[in-house]
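This report looks at one helix and at the salt bridges of a single model. The sequence and structure come first.

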Amino acid sequence: MRGLVVKNTGSWYVVKTADGKKTNCKIKGTFRIKGIRSTNPVAVGDYVEIIPNQEGTALITSIDDRRNYIVRRSQNLSKQSHIIAANVDVALLVVTINHPETSLVFIDRFLASAEAYSVPVVLVFNKTDLLTAEERELQEGMMYLYDTVGYQCVAVSACTGEGVDALPPLIAGKVALLSGNSGVGKSTLINRLVPDAKLHTAPISTAHNRGTHTTTFSEMIEFFPSGQWTGLIDTPGIKGFGNFDMKPEEISCYFKEIFRFSKDCRFHNCTHTHEPGCAVLQALDNHYIAQSRYNSYLSMLEEKEDEKYRAPY
C-alpha cells in the first residue's frame, strides 16, 4: 500500500494513503541499513510503501525515489545528514532583520542547498511591523540584493497580516516547505495562512534575541487556497545550516551570480580566490557580486577544505 508521509515525530511516521486514512508507521528494521546515512531516512513529503498490521499501525518497507529534497548537516555527526523535507515544489525561507536577526550566511547556505537539489526558494521577510526606520532601510537593501540575484522576496507581518496575501498564490497547488531560524514567526505565519492550524507560538527571548522551539516535529498541513490542494510542511526552527554532500569545486555552481561570471574565468578549475584571469574576482571588484555573498561562498569553501584534512573518527 502506497502513501504520503505527512508527519514525523522522531519515533513514528504518519502516512496518508489514497483513501485519506492516516496510519502511524514505524520503519522496518532492515530499512535502516541500506546505506541511508541520515538521522531520518524517511522525511515528510516522501512517498512510501507500507504494510498494515493487526494493531492498526504499519511498517514502512520501502521509499520511492525522491524528486528532490532539502538536506543539512546533522548535529549528530555519526549520521552526517538530516533531510528537512522531500519532493518539494517551493521553499519559503522565513527571515527577520531583527527579533531575532537572521544572518546572511544562514540565508546563503540555505539557498545553496536548495540550488543543489533544484528547489525554488522565496524569501519571506517577516516582522516588518517591528522594524525601525533604519531596519526597514536595511531590509529593503537585502530584498534588492536577493531579488537581483534571482530570488523572489516578500515582506510580511504575520502578526498584523500585512503582505501575507501575497503568499497563497505562490504556493497554491504545491508542496511548500516553510523553514527558518527559531523565533522568526513560522508558526504565527501558518496560523495566519491556515487559521484552523492553531499552532502554538511563543515570544522570543528578550535577553538573547533568540527564538524558542515551538515546533518540535515536522508536519504537512493541508489546506485549499483558491480551491487547490496545498501541502505546507512546517519544520522545527534551525539554529544553523551546515551544508552537506557538496564538493569544494561544486559550491560556486550553487551561487547563481558566481556561477554566471565563472564561465568567463581563464581556468576551468578556478576556485575564485586568487587565480589570475578570474572573472568572479573581477565582478566582485566591480560590485556585480555582493561582498556578503562572496563571503558566504568562502565560508563554505573553507569548511569543505577543512573536512578534506580532518582525521576520521
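This is a predicted model: local features need pLDDT of at least 70, side-chain atom pairs count only at pLDDT 80 or more; totals for chains, interfaces and linings use all residues.

Helix 2 spans residues 133-149, and its 17 residues reach 25 Å from the first C-alpha to the last, close to the expected 24 Å. Its buried residues are Glu-135, Gln-139, Met-142, Met-143, Leu-145, Tyr-146 and Val-149. These residues lie on the same side of helix 2 because they cover an arc of only 160 degrees around the axis. On the other side of helix 2, the exposed residues are Ala-133, Glu-134, Glu-137, Glu-140 and Tyr-144. Gly-150 follows helix 2 and has a positive phi, near 130 degrees.

The whole structure holds nine salt bridges.

| Salt bridge | N to O distance |
|---|---|
| Arg-2 and Asp-64 | 2.8 Å |
| Lys-16 and Glu-222 | 2.8 Å |
| Asp-89 and Arg-67 | 3.2 Å |

Arg-2 forms a salt bridge with Asp-64. Arg-2 belongs to strand 1 and Asp-64 to the loop between strand 5 and strand 6, so the pair ties together parts 62 residues apart in sequence. Arg-2 is partly exposed at 44% relative accessible area, and Asp-64 is partly exposed at 25%.

Lys-16 and Glu-222 meet in a salt bridge. Lys-16 is in strand 2 and Glu-222 in strand 12, so this pair joins parts 206 residues apart in sequence. Lys-16, Lys-22 and Glu-222 are linked in a salt-bridge network.

Asp-89 and Arg-67 form a further salt bridge. Asp-89 sits in the loop between strand 7 and strand 8, and Arg-67 in the loop between strand 5 and strand 6, 22 residues apart. Asp-89 is partly exposed at 28%, whereas Arg-67 is exposed at 52%.

Methods
Residues are numbered from 1 along each chain as its sequence is written. Side-chain values use heavy atoms; hydrogens and water are left out. Helices (H or I, at least four residues) and strands (E, at least two) are DSSP runs, numbered from the N terminus. The expected span of a helix is 1.5 Å times one less than its number of residues. Buried means under 20% relative accessible area, exposed over 50%, partly exposed in between (1.4 Å probe, protein chains only). The arc is that of the directions from the helix axis to the C-beta atoms. A salt bridge is a side-chain nitrogen of Lys or Arg within 4 Å of a carboxyl oxygen of Asp or Glu.
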